[in-house]
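Biologist: Please take a close look at the fold of one chain, and then at what it touches. I would like the cut-offs spelled out as you go.

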Amino acid sequence: MTREDEKALLARIARLLDTPEHLGHPLYEALEALYLHHRAQQEQLERMITISDRYQQLAMEARQVTQTRYERALRRQQKLSRISDGYQALMRERNQALHEASTHDSLTGLPNRRLIDEWLQRLDGSRCRYTLALLDIDHFKAINDRYGHDVGDRLLVAVSSTMRKALRESDLCGRWGGEEFLLLFTDTALDEAGDIVERLRQQLANVSIRHDNQRLSVTLSAGLSERRDTESHTDTLKRADRALLKAKHDGRDRSLADAKP
Amino acid sequence: MGSKITMISDLDIAGGQSTPAIQSHWGSGRLAMQGDSYPENSYELFDQVIGWVRHFLDEESRPLHLELDLVYLNTSSVKAMMDIFDLLEEAHLQGRQVSVEWRYDPRNERIAELADEFREDCSYPFAITPAAAPA
């Protein structure tokens, strides 16, 4: 029965009950009671439906609020992670820059003594064959005294730059001290390293900087030593230093190798 | 509504290696923070700041201006700053005048990029400006 049919039936019954000649009919009272009971039940049903609808509406709204809240929280969380990741990346870059600064000489950009020490210590643990060369600019103090430290610094920069370009990929060079440089030739015998250093010294002697309309250039002395068996780098270094001292003593502008055992 | 305003005491926190320096000025409606922020207990630190901002926005109708020279922020500090910016946004949507100026060292553009990420959901004036002198 459709809603319309039901309405029509109820209207028909209401009309019958409203007709005065039906009063007193044996079915009249029963029909009236049934009619009223049905109306009451119908009203109750409609109220229940309305309440149920309202509950559903509330539940839907609550779900929407939760959903909106959840989406907002998620968005916030994503933003937080994104920004936080950004700061972490920043910190990492800062650390890298600090590491770079702590292992390189700020004037020449060459690896500093700290980094060179790290390389050499690593080699101590291996059976790797290598040759060390210590190079020192001749009469550097006189240049500083005569022309000033900025001129000395410019010379250091020019020498470093040429040195870096002249060496092979596998060779390492660093600033060991004031005007002293250390070269590390791995897998290289003393003779071969000696040739490289000699060529390098000639190139460096041609490096010049301009100062007050004059060209200034320098010579370098070098001392070389090859690692003996598994000796520690401090021993190899000591022998290179001794060779350098002798090169200085013998008149500078030359390279000397520590005698083979 | 009474016109009585309850002021809370201004913040004046000296910065440390891991703590930003923080100053608030109730009278002029300004809050300033400088430096790195990765304190051991950032909630304790930022609860004061958030409390001050909330209180100012509740009690006053005058504009509020933030001056930030922040550099590094850890995650909980990032969250605290987001909370503060949200408070400002809420106030702004209710018609309040609020503004932020985030200054950064031009040698560190990354800070500006991160400030820009913070700014994303803010509809009030939020300037990111290179500072003349590093903080």
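Modeller: Of the 261 residues in chain A, 24% are buried; a residue is buried if 20 or more other C-beta atoms lie within 10 Å of its own, exposed if 12 or fewer, and partly exposed in between, with C-beta atoms placed from the backbone. This is a predicted model, in which local features need pLDDT of at least 70 and side-chain atom pairs count only at pLDDT 80 or more, while totals for chains, interfaces and linings use all residues. Residues are numbered from 1 along each chain as its sequence is written, and chains are lettered from A and ligands numbered from 1 in the order in which they are written.

Among the contacts in chain A with a separation of 6 or more, 64% join residues 24 or more positions apart; two residues are in contact if their C-beta atoms, placed from the backbone, lie within 7 Å. Chain A has seven helices and seven strands, where helices (H or I, at least four residues) and strands (E, at least two) are DSSP runs, numbered from the N terminus. Along the sequence the pattern is α-α-α-β-α-α-β-β-α-β-β-β-α-β.

Five strands of chain A make an open sheet with the order 2-3-1-6-7 and mixed pairing; two strands pair if DSSP finds at least two bridges between them. At the edges are strand 2 (172-175) and strand 7 (255-257) of chain A, each pairing on one side only. On average, neighbouring strands of this sheet are turned by 15° against each other, direction ignored. Strand 2 of chain A pairs with strand 3 (residues 180-186) of chain A in the antiparallel sense, over four bridges, and Gly174(A) stands opposite Leu182(A) in strand 3 of chain A. Helix 6 (residues 190-205) of chain A packs on the sheet and touches strand 1 (130-137), strand 3, strand 6 (220-226) and strand 7 of chain A. The direction of helix 6 of chain A makes about 170° with that of strand 6 of chain A; such angles run from 0 to 180 degrees between N-to-C directions, and axes are lines fitted to C-alpha atoms, for helices over the stretch in contact.

Helix 6 of chain A also packs against helix 5 (residues 149-166) of chain A, at an angle of about 145° and with their axes 10 Å apart. Val159(A), Thr162(A), Met163(A) and Ala166(A) of helix 5 of chain A meet Leu200(A), Gln203(A) and Leu204(A) of helix 6 of chain A. Five of these residues are nonpolar, two polar and none charged. In this scheme Ala, Val, Leu, Ile, Met, Phe, Trp, Tyr, Cys and Pro count as nonpolar, Asp, Glu, Lys and Arg as charged, and the others, Gly among them, as polar.

Some loop residues of chain A deserve a look. Asp105(A) lies in the loop between helix 2 (28-103) and helix 3 (113-124) of chain A, and it counts as partly exposed because it has 18 C-beta neighbours inside 10 Å. Its C-alpha atom is 7.0 Å from that of Arg175(A), 70 residues away along the chain. Beyond neighbours within four places in sequence, Asp105(A) is in contact with Leu110(A), Asn112(A) and Arg175(A).

Most residues other than glycine have a negative phi. His139(A), not a glycine, has a positive phi of about 50°; His139(A) sits in the loop between strand 1 and helix 4 (140-147) of chain A. Arg252(A) likewise is not a glycine and has a positive phi, of about 65°; Arg252(A) is in the loop between helix 7 (233-249) and strand 7 of chain A. His139(A) has 14 C-beta neighbours inside 10 Å and so is partly exposed; for Arg252(A), 14 such neighbours inside 10 Å give partly exposed too.

That leaves the partner. In chain B, 11 residues are in contact with 10 residues of chain A. Strand 4, helix 2 and helix 3 (109-119) of chain B are the elements that give two or more residues to this side. By class, the side of chain B that touches chain A has six nonpolar, one polar and four charged residues.
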